[in-house]
Amino acid sequence: MQIDLSTKTLGRRKEAVVQIKLIGGTGKITVNEKPVNEYFAHIEYQNLINAPFAATGTEKSFDVAARAKGGGIKGQAEALQLAIARALIKENAELRATLKKLGFLSRDPRVKERKKYGKKKARRSPQWSKR
């Protein structure tokens, strides 16, 4: 029987949900079994994901295996950032102050507003003509 020394966490943003497994390693990040630079082609999203590691100085200390579903690419990237920050805290509670100060631990609660009856979208009314 092999003991798996890994930390599992979850991150959410809009409709995106990301589950990760943080394992001690060399800094390799895979999302849905693809390398992070292949899954998130834009460098902006890669920097977003690596920000918690850069802030805590643990860039080459952990490997991340992530499962992302739902939402769009940016939502998934932000959900992954939250999941990584939460996992780092589980590994080392002393990093909490650093990550909290930079805002990596707050779940962004904004989601799309539902459509209302009598309206074309959530707030957009049908065009109205006086005459």
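## Thr-9 and its surroundings

The side chain of Thr-9 comes within 2.8 Å of the backbone oxygen of Ala-83, in a model that is predicted, where local features need pLDDT of at least 70, side-chain atom pairs count only at pLDDT 80 or more, and totals for chains, interfaces and linings use all residues. Residues are numbered from 1 along each chain as its sequence is written, and side-chain values use heavy atoms, with hydrogens and water left out.

Thr-9 lies in strand 1 (residues 6-13), strands being DSSP runs of E with at least two residues and helices runs of H or I with at least four, numbered from the N terminus. Its relative accessibility is 10%, so Thr-9 counts as buried, a term that means under 20% relative accessible area with a 1.4 Å probe and protein chains only. Beyond its neighbours within four places in sequence, Thr-9 is in contact (heavy atoms within 4.5 Å) with residues including Val-18, Ile-20, Ala-83 and Ala-87.

Leaving out residues up to four places away in sequence, Val-31 touches Val-36, Tyr-39, Phe-40, Ala-66, Ala-68 and Leu-80.

## The aromatic pair

There is one aromatic pair in the structure. The ring centres of Tyr-39 and Phe-40 are 4.9 Å apart and their planes stand at 80 degrees, so the pair is edge-to-face, given that rings pair with centres within 6.5 Å and that planes over 60 degrees apart count as edge-to-face. Tyr-39 is buried at 19% relative accessible area, and Phe-40 is buried at 1%.

Conventions:
Buried means under 20% relative accessible area, exposed over 50%, partly exposed in between (1.4 Å probe, protein chains only). A polar contact is a pair of N or O atoms within 3.5 Å; within protein, one must be able to donate a hydrogen and the other to accept it, and residues adjacent in sequence count only if both atoms are side-chain atoms. Rings of Phe, Tyr and Trp (its six-membered ring) pair if their centres lie within 6.5 Å; planes under 30 degrees apart count as stacked, over 60 as edge-to-face and the rest as tilted.
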